Amino acid sequence: MSGSAARTATADVVCLGESMVTFLPSQPGRLADVPSFGRGIGGAESNVACALAAAGHRSKWVGRVGADGFGDHLVDAIAGYGVDTSAVRRDPDRPTGIYFRTATDRATDAHEVAYYRAGSAASAMSPHNVPYDDILATRVLHLSGITAALSADCLALLHDLTAPRDGRPLISFDVNHRPGLWREGEAGPEVLLALARRSDLVFVGEDEAEEAWGVHGAEAIRAALPEPDVLVVKRGSEGVTVFSRSGGGPAQDTVTTVPSLRVDVVAAVGAGDAFAAGFLSATLRDLPVRDRARHGHLMAAAVLTVPGDLTGPPPRAYADRLAALDDEAWGTLRLGPGWTVADGANEEVRVT
């Protein structure tokens, strides 16, 4: 993997982006009908940072929060996972973002999310007010398209961070196409395509690529994104297809397809961030591409089998054993709630 030869890495991964306080419903139903909410945290990049820290890596989250109680809660909660939050900046003039969501699956029409993030502290991030020494002193810098949509200043920051520079860390970019976040008149899909093409490792869903760029299928997505050394195309229940190369152009790609696991899903939230964390964890360990994708699936399965967006990953040795299964055993594996603390004899890890 590429790295920062001229700069000492003080972190394995730096994740930059907005984290918000999320209010989770006490029961199913419309937002108008839910009587109370529990407090949690949410944010694509901080989710990745928390999962990586829980997996034993040195992770740092860089962001901005308000000088308010919600900002205090975010910093404390993220630090509680073992994430370095020393580079987080407090904004005395702008609030910490919050949002409310329903309990239903995000993929259904019944799902509602109410964001209160306009003018948030994080939306004021720019090339002029973030700590570049902290951001660039890492092996991997993880970004997402969500940040680009927050403001013109945030977009300028992502353009600057993905620009070629001496000693640039490996740039990991999750497209995270969120049409509702882009301001009227802005060409969000084109912006995301440009940022992805400037990155080294890209995660993109087959469905979001079709929605954003009108391309369908893994090969067509690779044709639209020929530059990244590693392109991970997430194909839902079909698994992932990874295009990877160590040099040369796309003609030298190695194509690796890894099926998804069968999972008894408790809540379909946070799986994409968890997959990215698992893939990055295995990348940091220089594991083969197949095993990187399998660790992504395993980390996603850990989140899918709990109610919230975050959970502890399986012990590394246990995950390594599962990732090393032959194709037949992998294909018959089924994971249910509690599997991350299982030992192979636990009934929640079944080979059927």
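This is a predicted model: local features need pLDDT of at least 70, side-chain atom pairs count only at pLDDT 80 or more; totals for chains, interfaces and linings use all residues.
**View 1. Confidence along the chain.** Mean pLDDT (the predictor's confidence in each residue, from 0 to 100) is 91 for the protein chain, with 92% of residues at 70 or more. Residues 1–6 fall below 50, yet beyond near neighbours in sequence this stretch has 16 contacts in the model (contact: heavy atoms within 4.5 Å).

View 2. Take a look inside: the count comes to 1 cavity of 30 Å³ or more, and the largest cavity has a volume of about 60 Å³. Here a cavity is a set of points on a 1 Å grid over the protein atoms alone, where a 1.4 Å probe fits but cannot get out, and lining residues have an atom within 4 Å of a point. Volume is the space filled by probe spheres set on the points, which are joined across faces, edges and corners. Among the lining residues are N47, A51, D273, M299 and T311. Helices α1 (44–54), α9 (271–284) and α10 (289–304) each give two or more residues, and α10 gives the most, with 3.

**View 3. The buried residues of helix α2.** Within α2 (residues 69–79), G71, H73, L74, V75 and I78 are buried (under 20% relative accessible area, 1.4 Å probe, protein chains only). Their cover includes α1 along with strands β2 (20–25), β3 (37–42), β4 (59–62), β5 (64–66) and β6 (89–91). Helices (H or I, at least four residues) and strands (E, at least two) are DSSP runs, numbered from the N terminus.

**Notes.** Residues are numbered from 1 along each chain as its sequence is written. Local features need pLDDT of at least 70 and side-chain atom pairs count only at pLDDT 80 or more, while totals for chains, interfaces and linings use all residues; side-chain values use heavy atoms, leaving out hydrogens and water.

Technical notes:
On a 1 Å grid over the protein atoms alone, a cavity is a set of points where a 1.4 Å probe fits but cannot get out, and a pocket is an open set with protein on both sides within 12 Å along at least five of seven lines; lining residues have an atom within 4 Å of a point. Buried means under 20% relative accessible area, exposed over 50%, partly exposed in between (1.4 Å probe, protein chains only).
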